[in-house]
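Subject: Model for your files

Hello,

Here is the structure I said I would pass on.

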Amino acid sequence: MASRLSLSEDAYVPSGAQQTAVKILVVGHFAVGKTTLIGSLSEITPLSTEERMTTLSEQVDDLKGVQGKATTTVALDFGRLTLSERIVLYLFGSPGQQRFVSLWDDTARGALGALVLVDPERLADSFDVMDLVESYGLDFAVAINHFDGSTAHTPEEVRVALDLLPDTPVVTIDARDEKSSVDALITLVRYLHERADLEHP
């Protein structure tokens, strides 16, 4: 299990360095918008391992409620976002399918926390991913990715449906929109900072 890290000035780089690098996981079930979110806000050309779905993968992956899905991530997505002069986020997106769970050992190592994307129309699909996040000891925030035509659910309704703790941040986003995605990450980073302050007063 990955050890919990603190968000201190020198937690990730030597003393006197100009920036603090923070590793964040972007996770969620299949076809929830992880690749889209990382692509919408990465300041570098994001690394993506998207491959076209084959007839075989369509038989394995649950396409119920997913329209127009032609590709899927087979390893990871990677992007970078500078939040301030001191904090740079390195974003690692992990595939949501059960058959790729073995990749989590590497992607979760050294991560400070996770942004968990959920589809309000497929909330039940999120439980396995959230169990994984918790098994690695990662603090997380939940981002409700509202798709075109999806039913609007309030953050509180989602909190109850997912049985989240009262202090777990829940935000509503559009993963295609840069500002919306950045706001979600800022919410997560603030939460991680608060948690670090409580654990290391």
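The notes below go from the confidence of the model to its fold and then to one strand pair.

This is a predicted model, in which local features need a pLDDT of at least 70 and side-chain atom pairs count only at pLDDT 80 or more, while totals for chains, interfaces and linings use all residues. Residues are numbered from 1 along each chain as its sequence is written, and side-chain values use heavy atoms, with hydrogens and water left out.

Confidence: pLDDT is the predictor's confidence in each residue, from 0 to 100. The chain averages 79, and 74% of the residues score at least 70. The pLDDT is below 50 over residues 56-61, a stretch with 8 contacts (heavy atoms within 4.5 Å) beyond near neighbours in sequence. Residues 69-74 also have a pLDDT below 50, with 27 such contacts in the model.

Along the sequence their order is β-α-β-α-β-β-α-β-α-β-α-β-α. Of the contacts with a separation of 6 or more, 73% join residues 24 or more positions apart.

In strand 4 (residues 87-93), 6 of the 7 residues are buried.

Strand pair: strand 4 pairs with strand 1 (residues 20-28) in the parallel sense over 7 bridges; pairing requires at least two bridges found by DSSP. Val-26 stands opposite Gly-93 of strand 4.

Regards

Terms used. Buried < 20%, exposed > 50% of the residue type's maximum accessible area, 1.4 Å probe, protein only. Helix = DSSP H or I, 4+ residues; strand = E, 2+ residues; numbered from the N terminus.
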